[in-house]
Amino acid sequence: MAEEQAKPGGPDLALGIAYADLADGGKLLGHVGDDEVLLVRRGAEMFAVGAHCTHYHGPLADGLVVGDTVRCPWHHACFDLRSGEALRTPAFDPIARWSVEEGDGRIVVGRKLAQPAPKRRGAPTAAGPKQIVIVGGGAAGFAAAEMLRRRDYQGSLVMLSNDDAPPVDRPNLSKDYLAGTAPEDWVPLRPDSFYAENNIDLRLNTNVTGIDARSREVVLADGGRVPYDRLLLATGAEPVRLSIPGADRPHLRTLRTLADSRGIIERAKTARRAVVIGASFIGLEVAAALRTREIEVHVVAPEKRPMERILGPQMGDFIRSLHEQHGVVFHLEDSAVAIEEKQVRLKSGRALEADFVVAGIGVRPRLTLAEGAGLAIDRGVVVDAYLETSAPGVFAAGDIARWPDPHSSESIRVEHWVVAERQGQAAALNMLGQRETFTDVPFFWSQHYDVPINYVGHAETWDELVIEGDIAAKDCVLRFNRKGRTLAVASIYRDTESLQAELTMERAAMAVPSR
Ligand SMILES: Cc1cc2nc3c(=O)[nH]c(=O)nc-3n(C[C@H](O)[C@H](O)[C@H](O)COP(=O)(O)OP(=O)(O)OC[C@H]3O[C@@H](n4cnc5c(N)ncnc54)[C@H](O)[C@@H]3O)c2cc1C
Ligand code: FES
């Protein structure tokens, strides 16, 4: 999603507006100098905050005000209107705030307020943990480390990652960055200096091979040991590999890391034609990115419709036709049986020319460490509502964690960016002893060309699919219901309804605490 540089519009809030122009509960977009400012009224209180989300610059004026917070319409970040703090990811940075004065029937926005100063760190306190180790430098691991320091955790913080890159904005690796419409400096979640400045001992290219739960140490591939008194496992998932003849050829790629994305970009520079195996979210995002680079793309997948299992047949048909309009050629109900130097052979007998091939056939959670440590496993690492595993003091978050989801009343494991980040944050607070249950409604987004698809909730199966609006017109809400209850809502350009659906699910879960 490209950053928009909108010219400040709306009234000049430094000159003020009439009190009557802003109803209770209302919000109004204006400006102060060159800054776009959102004015929000809650009863007698007024808040003036930056009008754009600090994630990808989403327009908060189109968001939802809930209590003393505002939620971003694009990927559901949430900001505190009083402090500006990013309460929910995918945003981490606060929004700016301005002072507001009222008098003579007018509301006037005054000076920009300073951001609260970062808290100073001193020696570890006697009561809390002194050594926290995070295994994984992805969404959950990064969000946990950032939250620990944000909440003034003062002890040692070691983050171990077998990747060679510091934490990156992984969703971008199959979207703007891969398409060549975002520069590489958009990709790191934080500049390299962040880790040293925050006393986070980030060790890259460091493979963790074991957990010694008795001595409370993690074991590294080089034999080194790192002691912990709280441990977070956030090892994520890895792409499922093809096991067909030719699967070891170097022009067959998968996509998980920055290095993988760079490798595909290098191939794309000299390629004319690519084959994508798998019509998954990642497979189709890769197809869209390669079409933006004007590469001929063929997609091979066994299903009848792309993404039907998650989004239903109507959305599946739409996604197929959207990609076809952009020149993608589908070979559905077919599969690859061999990768040759310049061709992919299909079960149907066809052979597709390919300068390179990308396989996006799903991912598998990385469970080896958890299994080796004897943690409870059930198609993922089993965690409780506090994200603690069966071993006290050992937490798990992100793609590996199966947690009791109060909304679907099921134990679920999902592979979503925002969920991984929020679980990392919740685990961080629980490692500090806060006893925060993880109750967030699952959310993910996917982007195909100019079409964003947002999805809140979780519905593995449904008995009713209600479609509001017009999918083909890219203006729709799909409700996935089971036994009369809405379990999930997918939408295109219906951001307010998506936010409202999330809120309704949150409130429903709060109303039935024992579910
Ligand atoms: C290309 C791409 C695009 C995506 N787009 C979206 C999207 O648009 N929306 C969405 O909701 N989700 C998206 N996802 C999914 C999302 O990125 C994941 O759900 C999320 O990254 C999971 O976070 P995590 O922290 O669990 O794992 P990861 O982010 O995968 O991080 C795992 C970390 O653990 C490290 N690690 C693993 N094993 C070890 C070990 N033994 N020793 C040391 N380190 C280890 C890895 O190197 C890595 O740093 C996308 C994923 C990919 C790959
Ligand atoms: S732009 Fe606001 S959450 Fe992404």
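**Packing, ligand contacts and backbone geometry in a predicted model**

Leaving aside residues up to four places away in sequence, Val 218 touches Val 133, Val 135, Leu 160, Val 208, Gly 210, Ile 211, Gly 224, Arg 225, Val 226, Tyr 228 and Leu 231, where contact means heavy atoms within 4.5 Å. Val 218 also belongs to the largest nonpolar core, which has 68 residues. A nonpolar core is a set of buried Ala, Val, Leu, Ile, Met, Phe, Trp, Tyr and Cys residues joined through side-chain atoms within 4.5 Å. Buried means under 20% relative accessible area, exposed means over 50%, and partly exposed lies in between (1.4 Å probe, protein chains only). The residues with the most contacts inside this core are Val 133, Ile 134, Val 218, Leu 231, Leu 232 and Leu 233. Its largest share, 9 residues, is supplied by helix 8 (residues 417-431). A second, separate core comprises 52 residues, among them Ile 264, Ala 288, Phe 318 and Leu 478. In soluble globular proteins, nonpolar side chains tend to be buried together.

The structure is a predicted model, in which local features need pLDDT of at least 70 and side-chain atom pairs count only at pLDDT 80 or more, while totals for chains, interfaces and linings use all residues. Residues are numbered from 1 along each chain as its sequence is written, chains are lettered from A and ligands numbered from 1 in the order in which they are written, and side-chain values use heavy atoms, with hydrogens and water left out.

Helices (H or I, at least four residues) and strands (E, at least two) are DSSP runs, numbered from the N terminus. Helix 1 covers residues 139-150, and its 12 residues should span 16 Å at 1.5 Å a residue; the expected span is 1.5 Å times one less than the number of residues. The end C-alpha atoms of helix 1 are 16 Å apart, which agrees with this expectation. The buried residues include Phe 142, Glu 146, Met 147, Arg 149 and Arg 150. They pack against strand 8 (86-88), strand 11 (131-135), strand 12 (156-160), helix 3 (193-197), strand 17 (230-233) and helix 8. Helix 1 is followed by Asp 152, whose phi is positive, near 65°.

Several polar contacts, that is, pairs of N or O atoms within 3.5 Å, involve the ligand. A polar side-chain atom of Asn 162 lies 2.6 Å from an oxygen atom of ligand 1, and a side-chain N or O atom of Ser 161 lies 3.2 Å from an oxygen atom of the ligand. Val 208 takes part through its backbone, with an N or O atom 2.9 Å from a nitrogen atom of ligand 1. The protein covers 95% of the 1,000 Å² of accessible area that ligand 1 has on its own, as computed by the Shrake-Rupley method with a 1.4 Å probe.

His 416 lies in the loop between strand 31 and helix 8 and counts as buried, at 12% relative accessibility. Not counting residues up to four places away in sequence, His 416 touches Asp 399, Pro 442, Phe 443 and Phe 444.

Most residues other than glycine have a negative phi, and most peptide bonds are trans. The peptide bond from Thr 89 to Pro 90, however, is cis, with omega near 15°. Pro 90 is found in the loop between strand 8 and strand 9 (97-103). Arg 216 has a positive phi near 55°, is placed in the loop between strand 14 (208-212) and strand 15 (217-220), and is partly exposed at 29% relative accessibility. Ser 409, in the loop between strand 30 (401-405) and strand 31 (410-412), has a positive phi of about 60° and a relative accessible area of 39%, which makes it partly exposed.

Conventions
Polar contact = N/O pair within 3.5 Å; in protein donor to acceptor, adjacent residues only side chain to side chain.
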